Amino acid sequence: MRKKRSSSSVLFLIIFGAMIAGVIYLYNSKMFERDLPVITMTDAQYWNLKKPLDISIEDNSGLKFYEVKMVTSSGEKVLTHEALLTPQNKLELKVEYPKMGYGINDTQIKIIITAVDASQWNFFSGNTAGLEKTFIVDKKKPYVSLITNSYGIYKGGTALAIFKANDENLEDMYIEVNKKKRFKVQPFYAEGYYAALVAWPVVEDKFDARIVVTDKAGNAMRVHIPYYHKAKSYRISKIKISDRFLKGKIAQLAYDYPETQGVEDSIEQFKIINEDVRAKNEKLIHEITSKTSDKMVSDFSLKPFYPLRNGQKVASFGDHRLYYYANEQISESYHLGLDLASVKMGEILTQNHGITVFAEENGIYGNLPIIHHGMGLYTIYGHCSSVKVAAGDSVRPNDQIANTGKSGYAMGDHLHFGVLVQGVEVRPEEWMDKEWIRLNITEVMKNAKQLIGRS
Ligand SMILES: [Zn+2]
């Protein structure tokens, strides 16, 4: 009797233990996981009803069902739903506003998302997650109206545009050139007006500029700026690289730069300096000169730049240089400034107000002060022997900023004078020409102010 009881309780304990172990196993197994699906949707507060809603649903055990519903004054409508035969770990949905919904004039629309995973938890029905969000409806495109612009733009040159823009839920505003480069705009003269200098990069044959204004609901307005495009051809020059040059200047620079350490071949050294070091130095210049201010600008009357008294032009802006050694092209580059030479260690003067933003050595450009004159317009002075300004210094017309020299990749004492508009090199000749400045900048601003004043 005793024995029988004890053997049955042992059996009971074994079965009970196995059941507990089974429950623990199932409880911890993936089949019975208890993690809810994770639903994410755009964090925008506004919806234009045109842009599809980006919804993503994720679950470790896989998803077996989802549904996206819309709630408006005319009731509930299922926008999409699906029961998945093969559970999916991640779903990316683009949910469109239904065509039948265009008669609805609600100012707010609620979206309800439900997702169920393939877990056997909850008596095999899975874990259910939900997300609800109410969007403010904004179907109105931003308002954009072009006020004035420079009549034309040269390849490699600069132009000005002034426009009016507004939107209740404004997000971004810029001028896009060749669908690549974005120029920031600056508040101009009166509330709601904006201005920017734009540039036609010298290495690009085509030019297209448009004002782009977007709002937080996904509405966008694009207005083409009708500049008259002025073609300009730049020189292509073939330059023979001599052994004397390789053993002299190049060997000297190769000794200094980290990029050429351990490189013995002098043609290889030249290629690294002319391409890799140049790219690195120009990247720094582009970064420094890409900044603009958000402050309102009312005036931008510049005097023509004339940095070096009696400076003779020794190389032009935009030259496409092809380098040859033993009749074989080994490298190429673009010369993105104007080279001027006068006496050795000639005084470099600025003719306009500005702030020094950089005054250090920069590789092939040597000692290089960079000055911001406002509106994203920068001047740079390469190969200086000495620099008289430091970063943060204000400069005034006729201040001496440096002395010419041959620091960096320069053969003789000269000034490399460069002008950049928001990180794009432009023709310095325009900014050295009183008449060009008057017609393309000063008069355009004056006209804009008159038009704004009258409205
Ligand atoms: Zn130069």
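## Aromatic pairs

Rings of Phe, Tyr and Trp (its six-membered ring) pair if their centres lie within 6.5 Å; planes under 30 degrees apart count as stacked, over 60 as edge-to-face and the rest as tilted. By this criterion, ring pairs join Phe-245, Phe-270, Tyr-323 and Tyr-409 into a cluster. The model is a predicted one, in which local features need pLDDT of at least 70, side-chain atom pairs count only at pLDDT 80 or more, and totals for chains, interfaces and linings use all residues. Residues are numbered from 1 along each chain as its sequence is written, and side-chain values use heavy atoms, with hydrogens and water left out.

A search of the whole structure gives 15 aromatic pairs. One of them is the tilted pair of Phe-188 and Tyr-189, with 6.0 Å centre to centre and 40° between the planes. Phe-188 is buried at 0% relative accessibility, where buried means under 20% relative accessible area, exposed over 50% and partly exposed in between (1.4 Å probe, protein chains only). Tyr-189 is partly exposed, at 35%. Phe-207 and Tyr-227 also form a tilted pair, with 6.1 Å between centres and 50° between planes. Phe-207 lies in the loop between β13 (193–199) and β14 (209–215), and Tyr-227 in the loop between β15 (220–224) and β16 (228–230), so the pair ties together parts that are 20 residues apart in sequence. Helices (H or I, at least four residues) and strands (E, at least two) are DSSP runs, numbered from the N terminus.

## Charges over rings

A charge sits over a ring if NZ of Lys or CZ of Arg is within 6 Å of the ring centre and within 35 degrees of the ring normal. Lys-232 lies over the face of Tyr-234, at 5.9 Å from the ring centre. Arg-427 is placed over the face of Tyr-154, at 5.4 Å from the ring centre.

## Pockets

On a 1 Å grid over the protein atoms alone, a cavity is a set of points where a 1.4 Å probe fits but cannot get out, and a pocket is an open set with protein on both sides within 12 Å along at least five of seven lines; lining residues have an atom within 4 Å of a point. Grid points are joined across faces, edges and corners, and a volume is the space filled by probe spheres set on the points.

The largest pocket has a volume of about 500 Å³. It is lined by 23 residues, of which Arg-321, Tyr-323, Asp-339, Tyr-409 and Met-411 are the closest to its centre. Two or more lining residues come from each of β17 (236–240), β18 (312–315), β19 (320–325) and β20 (328–334). The lining divides into 12 nonpolar, seven polar and four charged residues; Ala, Val, Leu, Ile, Met, Phe, Trp, Tyr, Cys and Pro count as nonpolar, Asp, Glu, Lys and Arg as charged, and the others, Gly among them, as polar. Tyr-323 and Tyr-409 are also members of the ring cluster.

The second largest pocket holds about 240 Å³ of space. Among its 14 lining residues, Pro-201, Val-203, His-286, Val-424 and Glu-425 are the closest to the centre. At least two residues each are supplied by α3 (266–288) and β30 (424–426). By class, this lining has seven nonpolar, two polar and five charged residues.

## Cavity

The structure holds one cavity of 30 Å³ or more; the volume of the largest cavity is about 30 Å³. Its lining consists of Lys-184, Val-185, Gln-186, Ala-195, Ala-196, Leu-197, Thr-292, Met-375 and Gln-422. β13 gives the largest share, three residues. Five of the lining residues are nonpolar, three polar and one charged.

## Strands

Two strands pair if DSSP finds at least two bridges between them. Strands β10 (residues 170–177) and β11 (residues 181–184) run antiparallel and are joined by four bridges, with Ile-175 opposite Phe-183 in β11. The two strands form a hairpin with three residues between them, and Asn-178 in the turn has a positive phi of about 55°.

An open sheet of four strands has the order β7-β9-β13-β12, with antiparallel pairing. β7 (143–149) and β12 (186–187) stand at the edges with a single partner strand each, so one side of each is left without a neighbour in the sheet. β7 pairs with β9 (residues 158–166) over six bridges, and Val-144 has Ala-165 in β9 as its bridge partner.
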